[in-house]
Amino acid sequence: MARNLGRFLVLILLVSICDAASVFQPISDSHRSAALELFTPVNGSFGSLEETYEALRTFEVLGVENKSDVRHASCASVSKTLESSSSSLKDLFFALKVNGILKCKINEKALEGIISRLKAAINDANSLLDLYHSIGSLVLMKEQSLKADLHLSDAKGVFHSIKALSQSDGRWCYSSSNPQSSAYAAGIALETLAGVVSLSSSEIDQSMIGALRNDVLKLFDGIEKYYNGASYFDEKLIDSHENQGSISTTSSVVRGITAFAAVTEESLNLPGDKILGLARFFLGIGIPGDSKDFFNQIDSLACLENNRVSIPLILSLPSTVLSLTKKDSLKVRVNTVLGSSAPPLTVKLVGALGSKDTSLIDSQELKFNSETGVHILNDLPKSIDVGSYMFTFEIVLHELEPEEVYATGDQTKVPIFVTGIVKIENAEIAVLDSDLGSIETQKQLDLAGNNIASLSANHLQKLRLSFQLTTPRRHAFQPHQALLKLRHESKAEHIFVVGSSGKQFQLVLDFLGLVEKFFYLSGRYDIELTVGDAVMENSLLRALGHIELDIPEPPEKAPHPPLQPVDPYSRYGPKAEITHIFRAPEKRPPKELSLTFLGLTILPLLGFLIGLLRLEVNLKNFPTKAAPATFALLFHIGIGVVLLLYVLFWLKLDLFTTLKALGLLGAFLVFVGHRILSYLAATSSKLKSA
């Protein structure tokens, strides 16, 4: 179990190192699975027309078949938007986008009305976004083979009005009233200008096209770069609601330059490494968790997949970990960003840097397997041993057609980890005599087996551990970790680093100098060895046995071993059983005596009732008038409630509750008693005076 734990820790280290490496992979099935999770229709609809287009466009590029039927609801929304005169330019734009994918049945008369509305909007537009949606809608209608006249009568003027919003740094403003420049707006402007060129009835002046080409070059002068070769555009707007993230900004620029390059005859002359850097940016972000960013990633890669600027080619490796023991081959793939096959080319391994700055190999060409589309180097050079390297690859394109332009970059550097089984030889553990250095006890260790050493020593002796490590190429190997741990039966642990000289590893522990570090604790110490490295396939963490150590009694001021940490999960374990001891009940009187006492208590009540009968108590003097009779009745009821309160106090109520209730009843009895007694006194005085 300890051995498996060691291998697991080394595996985690290796995976973390590989994740940090700059290895770009084309679009894969993981993106297709993510698309189905991010774009999930609700009640047969993706939401707004913009969200519907983003979902459908993503599925179209990735070749994903959406299992839910959204055609009916989406086409109904498209028809409603196109037939409504109150629809915004943005809604019309995305309705036509959705229609371009679903091919809905649209009323042609409604489309004719939209054309005149869009042309009027172009003439009255005062912002870049209005022009983008209006001109983009006309371009979409042209692409959908509508027979109506879609040409712009004043294409040159529209071109000038859009070009007037450009800035000296290649960025654009959203409107003349907003002086802040934006790279996102530059992408929108380029895409809009491409639409103007395609809708123009006559050829646009080439000087205007040349000026726009210079703006594109200025825009790319301000491109941002990562250390791994990825390039991106970022906004510089401050406190603006129009600010966009780097993904949406870069995506806007990519759409703009690819759309503009598609309608111009001359090349934009953009450096291929910058186009390749844009592709690396979108591939390097992995799988975005936001549907908008995911759409921008896929749509931008689709634009780069087929464009007239340059098509980026991505060099990737199915695995950056190669095993010498298993004789793994070095495999390299070259594809487009969406995973399509690359044109005829050759991949060369031109260098491999290890711990030193000099290359360990000569340039050699990888063999191409046409069936699998993989470039292979079957046998690694003899100079490559276990360790980490930086391999340098170069892509050499074969003869291509003049119109085919690909971006491969100068050279591609990929971190490679070469692993193997490190041979552990001549392992032994011995107890040495301190004075003469002679061997008293020696055990041969089979670190690949399960043999256990049982040793004993005193404080005047030494413990020696030695072994050798060699790589599959028979070179000396220096692991990241070579540690020896001694664990006392009291859980106190001591860790020592095993030193090395070439292939030989050796550690000598002089117990005489370690008695204070061991806190003068005699007894059994378990011995554990750890040897591990990211490129060592047989990293180990195993027990070697134990040693019975005899150490003198500690002096008075000797240090005490530290308190061992308490397992935090022990607080959730079973608790000790609590045994309660109750006081024995007091002895009670006999039952007969209790009943006799009860009878004596009731006798006064019986005497009271008999006295009332002898006195011939009656209700002849009870008031007959309504008001006095009511007060008299309430007074007697109050007396009865007081008696009932005494009974409840005896049975269940506490003293404070009883006194509180008695105080309220007392105030009530004083009031009604005073009224009835006043009435009786007045009646008695009238009878005496009569």
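Two strands count as paired here if DSSP finds at least two bridges between them, and the strands themselves are DSSP runs of E, at least two residues long, numbered from the N terminus. With that settled, hello everyone, and let's look at two sheets.

A word on the source. This is a predicted model, where local features need pLDDT of at least 70 and side-chain atom pairs count only at pLDDT 80 or more, while totals for chains, interfaces and linings use all residues. Residues are numbered from 1 along each chain as its sequence is written, and side-chain values use heavy atoms, with hydrogens and water left out.

Let me start with the mixed sheet. Five strands form this open sheet, and the order is β15-β22-β21-β17-β18. At the edges you find β15 (453-458) and β18 (493-497); each has a single partner strand, so one side of each lacks a neighbour in the sheet. From one strand to the next, the twist averages 25 degrees; for such angles, axes are lines fitted to C-alpha atoms, and values run from 0 to 180 degrees between N-to-C directions.

Now walk through the pairs with me. β21, residues 523-532, and β22, residues 540-550, pair in the antiparallel sense over nine bridges, and there Thr530 stands opposite Leu541 in β22. On to β17, residues 481-488: eight bridges join this strand to β21, and the two run antiparallel. Lys485 has Glu528 as its bridge partner in β21.

What does β17 do with β18? These two pair in the antiparallel sense over five bridges, with Leu484 opposite Phe496 in β18. Their hairpin has four residues between the strands, and Lys491 takes a positive phi there, near 80 degrees.

Next, the antiparallel sheet. Again five strands form an open sheet, this time in the order β14-β13-β16-β20-β19, with antiparallel pairing. Its edge strands are β14 (439-444) and β19 (499-501), and because each has a single partner strand, one side of each is left without a neighbour in the sheet. Neighbouring strands here are turned by 20 degrees against each other on average, direction ignored.

Inside this sheet, β13 (residues 423-433) and β16 (residues 461-470) pair in the antiparallel sense over nine bridges.

Last stop, residues 582-682. UniProt, in an unreviewed entry, lists them as "domain: Ribophorin II C-terminal"; such annotations may be inferred rather than shown by experiment. Over residues 582-682 the chain is 77% helix (DSSP runs of H or I, at least four residues) and 0% strand. The end C-alpha atoms of that stretch are 65 Å apart. Thanks, everyone!
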